[in-house]
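Here is a friendly briefing to read alongside the coordinates. It goes from single residues out to whole chains and then to the place where the chains meet.

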Amino acid sequence: MGLAIDIAITHIRSRLRQTLVGVLGVATGVGFSVMMASLMEGSQRDFIAQLVDSLPHITISDERRTPPPQPAALIYDEVEISNLSTVDRRRGIKNPLAVMAEIESWAPAKVAPSVRANILLRQAGRDVGAVMLGIDPKREAEVSNIASKMVEGSLDNLVKASNAVLLGARLAERLGIRVGNTVTISSSGGKTMTATAVGIFRTGVAQVDDSQIYALTRSAQVLAGQTGLINELRLKANDALGARELAARVEAETGYKAVSWQEAHEDLINAFNIRNFIMYTVVGAILLVASFGTYNIISTITHEKTRDIAIMKSLGLRAALVRRIFVLEALVIGLIGMLAGFALGFAMTKALGAVEFRSPFGDATRLPVIYSPIHYGLAGAIALGASLIAAWLPARKAASVNPVEIIRGAS
Amino acid sequence: MTPLIETRKATRILRGEIDTTLVRDIDLAINPGEFVAITGPSGSGKSSLMYLLGLLDTPTSGDVLIQGKPTAKMDEDARAKLRLETLGFVFQFHFLLAEFSALDNVTLPMRALGKLSDKAMRARGLDLLTRLGLKDHAHKRPDQLSGGQRQRVAIARALANDPQVILADEPTGNLDTASTEQVFGIIQTLVGEAGRSVIIVTHDPHLARRASRRLHVVDGQLAPVPEDD
């Protein structure tokens, strides 16, 4: 092995400039791969974190996956029934406190009750549909970070005025509502109430900022026309990524529909998967192109050293040893390139992370980047693997040189 | 006594659009301690015969036996190992590795064989170079040496693993008269050491006459040595 290393190093030394170009190729490939991966995954995690933070991990509603059959259908099993007036069921989660206590007894999560009601917001002659969430401010703090998203007023203001509401920033902008203004709210059931805006929040999730208002549970119950109604339980799990499994279990145990944030944003998760697929394809292509450089160098060296290979083989060096020499050369190039690429990638990620830019709607933010050993490991492994494959063909060709042909040609 | 090298109807045909017969039906035996010169006109097949004897080439038919072992059916690695252990080569061109010092060139076959420690290899390499009068040139690279010196390094390399047979293909073909005399003299002294044989391919009748036996090759076959040589 020592002999192969010595010869490999000698060859690389004799081709220093070309080797440098090869190393640079691998380094650029690895560097950009690492940077891209850290930016892509960073932004993805940042986005998900925003989403997950501002939305409950699991929403339990008073619906069922399949609507319960009507009594008539239960009695007359095989008969087609039409024009039947349906039985109205009382809405809401039955005995919500017991359900909450049961969930909290086994699930690693915090639960908060709320009332969700579709409402119409009226201000200065304009009507806008919105969703009212009736909450208990004390428990709300445990399942959402809305308190930290307030741009004006605070969550506690809800209890300081009667019929107080918090509005999403975009909704408030659309209607021209400022803190202290009075708005008229009417429910789908025809109830109307006058409320005071006591705060404005901005979560960064457009859907929420655009159409959500918060009120006390009591106010929402009045609008829904049902005292004591709780039609939604929201969960914040200790492990956000395990929400899907947790939701399935909650649903199985309580019978109520439990939707995890993953399910609620299935399309988004799919989009991320596609994005990751594209990213890894591009990263793979970059590293593949870099390995062409390695192939080129090893190919050139084997051509140049044909005579040396013939000499070594005539002396009795085995073909495997000759092959090893060139594979080692590629490995050295790949390894140095990989390490240089790590440094380059780290530096570029660092530089990107320092870039500050201003969104027209929000505060100044930095590009979200993450530093993950997996990115480095993956890029390094692909680069080394590609170098090995790139070296294999020329190395095999070199090892199969017939010394007699070269010696005969020389004399 | 088992001959060091023996051929049995060794024939080598180069396949191509027109088949070329390099050597045909060669039967010969080379015994320990012999100094054999292979002569013949250029293109007669004397080098091709040497490549067969040195296991650098495989006979198309027939066989070459090294110390009684048939080699025609051996795989390439086994033949490489046999070359490394029992045969030493000197070619017309020195064929040294340009980026390695004289000493590193000499120790190369020892390292490939891997039987000695690094220190022992170095010591033996220096010994060989000293013996060939190159003590002060051990750390020079081939391009810093004269033609005669390079050929002496090549001889030292051929001796690295203490082979039973030295095969030399026109070893003095590129040297001036003085260097030729020196290199040939050295080769002569190697004959008989521990039963070692030397096979030399040459077109120079004067040198050939100094061998203990002559094999004359004409058109790929053994022929009687011409009288006027």
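A residue is called buried when its relative accessible area is under 20%, and exposed when that value is over 50%. By that cut-off Ile166(B), with a relative accessible area of 2%, is buried. Please keep in mind that this is a predicted model. The points below start with Ile166(B), which lies in strand 7 of chain B.

**Ile166(B) and its surroundings**

- Strand 7 of chain B, which holds Ile166(B), covers residues 165-169.
- Which residues does Ile166(B) touch, not counting residues up to four places away in sequence? They are Gly88(B), Val90(B), Ala158(B), Leu159(B), Leu190(B), Arg196(B), Ser197(B), Val198(B) and Ile199(B).

**Helix 1 of chain B**

- The buried residues here are Lys46(B), Ser48(B), Leu49(B), Met50(B), Tyr51(B), Leu52(B) and Leu53(B).
- After helix 1 of chain B comes Leu55(B), which has a positive phi, near 60°.

**Helix 3 of chain B and Asn105(B)**

- Asn105(B) sits in helix 3 of chain B, residues 102-113.
- Buried or exposed? Asn105(B) counts as buried, because its relative accessibility is 0%.
- The side chain of Asn105(B) comes to 3.2 Å from the backbone oxygen of Phe100(B).
- Once neighbours within four places in sequence are set aside, the contacts of Asn105(B) are Leu96(B), Leu97(B), Phe100(B), Pro142(B), Val153(B) and Arg157(B).
- Helix 3 of chain B has these buried residues: Ala102(B), Leu103(B), Asn105(B), Val106(B), Thr107(B), Leu108(B), Pro109(B) and Met110(B).
- What do these buried residues of helix 3 of chain B pack against? Within chain B, their partners are helix 2 (76-86), helix 4 (118-131) and helix 5 (147-158). From chain A, helix 1 and helix 12 also take part in this packing.
- Gly114(B) follows helix 3 of chain B and has a positive phi, near 70°.

**Chain A as a whole**

- Chain A has 15 helices and 12 strands.
- What is the radius of gyration of chain A? The value is 33 Å, whereas a compact globule of 411 residues would have one near 22 Å.
- The C-alpha trace of chain A spans about 105 × 60 × 40 Å along its principal axes.
- Of the 411 residues in chain A, 47% count as buried.
- Taking contacts in chain A between residues at least 6 apart in sequence, 77% join residues at least 24 apart.

**Ser114(A) in chain A**

- Ser114(A) belongs to strand 2 of chain A, residues 109-123.
- With 0% relative accessibility, Ser114(A) counts as buried.
- A polar contact of 3.4 Å links the side chain of Ser114(A) to the side chain of Arg234(A).
- Beyond its neighbours within four places in sequence, Ser114(A) is in contact with Gly134(A), Ile135(A), Ile230(A), Asn231(A), Glu232(A) and Arg234(A).

- The size of an interface is often given as the accessible area lost when the parts come together.
- Between them, chain A and chain B bury about 2400 Å², with 63% of it on carbon and sulfur atoms.
- Which three residues supply more than any other three of the area that chain A buries against chain B? They are Leu315(A), Ile407(A) and Arg408(A), which supply 25% of it.
- The contact involves 24 residues from chain A and 25 residues from chain B.
- The interface of chain A and chain B has 3 salt bridges.
- Arg111(B) and Asp6(A) form a salt bridge, with their closest N and O atoms 2.9 Å apart.
- There are 7 residue pairs in polar contact between chain A and chain B, counting pairs with both residues at pLDDT 80 or more.
- On the side of chain A that touches chain B, two or more residues each come from helix 1 (2-14), helix 12 (306-315) and helix 15 (403-410) of chain A.
- Helix 12 of chain A gives the largest share of that side, 7 residues.
- By class, the side of chain A that touches chain B is made up of 10 nonpolar, 7 polar and 7 charged residues.

Terms used. Residues numbered from 1 in each chain as written. Chains lettered and ligands numbered in written order. Heavy atoms only, no water. Contact = heavy atoms within 4.5 Å. Buried area = accessible area lost by both parts, 1.4 Å probe. Salt bridge = Lys/Arg side-chain N within 4 Å of Asp/Glu carboxyl O. Polar contact = N/O pair within 3.5 Å; in protein donor to acceptor, adjacent residues only side chain to side chain. Helix = DSSP H or I, 4+ residues; strand = E, 2+ residues; numbered from the N terminus. Nonpolar A, V, L, I, M, F, W, Y, C, P; charged D, E, K, R; others polar. Buried < 20%, exposed > 50% of the residue type's maximum accessible area, 1.4 Å probe, protein only. Rg over C-alpha atoms; globule rule 2.2 N^0.38 Å.
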